[in-house]
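Good morning, colleagues. Today I would like to take you through one structure, with attention to its aromatic side chains.

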2 protein chains.
Amino acid sequence: MSELGDRVSRRRLLAAGGAAGVGAVSAVGLESARRAGAFRPDPDADRWAHGRDTVAFHGPRQAGVGTTPQAFASFVGLDLHAGATRDTVRRLLTVLSDDAAALTQGRAPLGDQEPWLAQNPSRLTVTFGFGPRVLALVAGDLRPDWLRPLPRFSVDRLEDRWSGGDLLLQICAEDRLTVSHAQRMLFKDARSTTAVRWIQEGFRHTVGSTASGGSMRNLFGQVDGTVNPAPGTEEFERVVYGRGGCPAWVEDGTALVLRRIAMDLDTWDEVDTPAREDSVGRRLTDGAPLTGSSEHEEPDFAAKGPLGFPVIAGYAHIRRSRTGNPPEQIHRRAYNYDVPGAGVPGAAGDVGLLFASYQADVDRQFVPIQQRLDELDMLNTWTTPVGSAVFAVPPGCTEGGFVGDVLFDA
Amino acid sequence: MSELGDRVSRRRLLAAGGAAGVGAVSAVGLESARRAGAFRPDPDADRWAHGRDTVAFHGPRQAGVGTTPQAFASFVGLDLHAGATRDTVRRLLTVLSDDAAALTQGRAPLGDQEPWLAQNPSRLTVTFGFGPRVLALVAGDLRPDWLRPLPRFSVDRLEDRWSGGDLLLQICAEDRLTVSHAQRMLFKDARSTTAVRWIQEGFRHTVGSTASGGSMRNLFGQVDGTVNPAPGTEEFERVVYGRGGCPAWVEDGTALVLRRIAMDLDTWDEVDTPAREDSVGRRLTDGAPLTGSSEHEEPDFAAKGPLGFPVIAGYAHIRRSRTGNPPEQIHRRAYNYDVPGAGVPGAAGDVGLLFASYQADVDRQFVPIQQRLDELDMLNTWTTPVGSAVFAVPPGCTEGGFVGDVLFDA
């Protein structure tokens, strides 16, 4: 059998296995592959706990928003070359969507010379976001008011190298190698028309390291992301897609705010546990509010301690980040970052949180929360926003289409 | 129950669970923890596939050498501050060994203010290596001849920022977050006496992404590390610990050579599959030699093709890296690296291989192989060594001791 034939049948097989989930390679596919000599069933197949798991790429909405966060994320900001036209963007989105459609299903895209690195999609998702320039080219009249840099906050120390961008690729998977390969494939097809503005890599616990379904911990050791609308709920539909709340800029579209928040672990180290808990308003042990006994219990902001002071302080992060105003909610999908630096004697390095927030309307949901935190939040003592970018996240596409095609056709 | 008491009991419990492996929390421990309200058994505990797996820290040999490679590695080169004495090194090794002994068993070390990040050791290992300066301070008369920079090879383009170092910490685990936390804890205790010279982070497939036990793939898509002595075999004992071969510098000690090998994916992209396979001498599909049909089959270097040329070319990597000379073997433990760069329009970025090689005698085992590859190896077309460091790896220690203590006492 030819090398090419070998590859094609392997791809088909993996596609079949992937679509149906782990261990679901059909008997028919297996038998034909055996005859072709292209596939040997793995005796350890039960250990492929997520290697062949796939998340659908096609659909009315893009994957990677309501998708349970994978262990690894690479957020990539691309800038279009000067002189890019609407047609440039159409061709770029067409080829990148083709790549993503293949890679996410465990198939090597056209021109992939390392197809073996595409074998383990491990829940790979590729999510596209449009910066102001791309959306202006694609559908200028649809451009939402909030698609611009966020208002300046007093705590911000933003750096250009982590901010802005014309096109966002959010690449997530349970395997770091899968992310690396997917990114490389997408870059190969993006390089003739774009430049890499920034790459921000993040991580959470790997599959099998902690119980599934729990909130992650950040590098301060805090339980992070407790209050988050659950996909499939009315709350999620309202917050992320504007159903019954702030309307989204386009049906099945949403918005991404990506903030790079540096954490000063050196000064954080000087703070003891009670003071740390006081600054957040939650117990470090399990993330329970200081007035409660479990993570998802509602905090009692009115509760007072023996001396008459509030149990959850006025400056505590959870008090400041909440209001009774329903629109002011967001859907978080945060990742830790830890970028090694050399030659810095004893310094803690460049660590922090990639705070990715999805919501239907940035101005009405994200901004008021951030304004309150900017005014007062004890956590600001140890955190500094150093990057900021806002993207319009277009709807998904059907098979044969490309992400954003509905806007071109509109 | 006090916060402190809560923490202590949790640590004890985790320690017990960790030592006995996954899911082995004892009924007694569980019951007492329940009573204390400090621990709720996780309904998804079966999904903690590796989170509580531990690798023993104490023993005649250090862990992390014969240990099956974990998904993530951080190699850290530290430099002692000027004026460091033998006693400085003793104190440093004592405290770092204490930290490593705790962290590897899922316990928070002394002074850990984020003990929750120590809960998932995920097969964490911390391996210590001594550069020339540390070994001279500790046991000058034991210093092996090979503990110096490697001879200069013509292919080398070494950079100081990836080379040398007084003390190596090799930190490996199946969870990236575990590595990050362990590194931070070790740094806190090393910062008063050392500076970070370099940090080199690498990755392989995560647990559950591929079948266990397979060789890894590097970013060229090649199956990497096929020829490697298996721990527990006579070959491994000879190659790594000098039993019946080149003697090790000290009993149960070995040597680590760490080479940072940059891969030029851009020019590699210009090469088609047959040429790629020709350059290595192996099939890309499954790593089988071009004369065989499975990865671990012996290559037939004498085989000729229809035109009378050797099937495995004279310049092929697998031909050049082998001799019939038994001492010239090494034990590899390589990791991929992919460091994001910004502002580089379309470039492939800084990607390559952290080639970690363990052997009893660097000069008699590693150097001759590298000399042959330096003279001729088609893979040199696309690879460039940019970093190089050699460390003497001391024996392990018993409980209450520290890594290297046998050398102090000698």
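I shall begin with an annotated domain and then turn to the aromatic contacts.

Please note that this is a predicted model. The unreviewed UniProt entry lists residues 62-204 of chain A as "domain: Dyp-type peroxidase N-terminal".

Let us now consider the rings. Counted over all chains, the structure holds 13 aromatic pairs. One of them joins F75(A) and Y335(A), whose ring centres are 6.2 Å apart. Why is this pair described as edge-to-face? The planes of the two rings stand at 70°, and an angle over 60 degrees counts as edge-to-face.

Where do these two residues lie in chain A? F75(A) belongs to strand β1, residues 72-80, while Y335(A) belongs to strand β9, residues 335-339. The pair therefore ties together parts of the chain that are 260 residues apart in sequence.

Are the two partners buried or exposed? F75(A) is buried, at a relative accessible area of 0%, and Y335(A) is likewise buried, at 0%.

Y335(A) has a further contact: the charged end of R204(A) sits over its ring, 5.6 Å from the ring centre.

Finally, I draw your attention to an aromatic cluster formed by F220(A), W268(A) and W382(A). Thank you.

Technical notes
Residues are numbered from 1 along each chain as its sequence is written. Chains are lettered from A and ligands numbered from 1 in the order in which they are written. This is a predicted model: local features need pLDDT of at least 70, side-chain atom pairs count only at pLDDT 80 or more; totals for chains, interfaces and linings use all residues. Side-chain values use heavy atoms; hydrogens and water are left out. UniProt positions are given in the numbering used here, feature names are shortened, and annotations may be inferred rather than shown by experiment. Rings of Phe, Tyr and Trp (its six-membered ring) pair if their centres lie within 6.5 Å; planes under 30 degrees apart count as stacked, over 60 as edge-to-face and the rest as tilted. Helices (H or I, at least four residues) and strands (E, at least two) are DSSP runs, numbered from the N terminus. Buried means under 20% relative accessible area, exposed over 50%, partly exposed in between (1.4 Å probe, protein chains only). A charge sits over a ring if NZ of Lys or CZ of Arg is within 6 Å of the ring centre and within 35 degrees of the ring normal.
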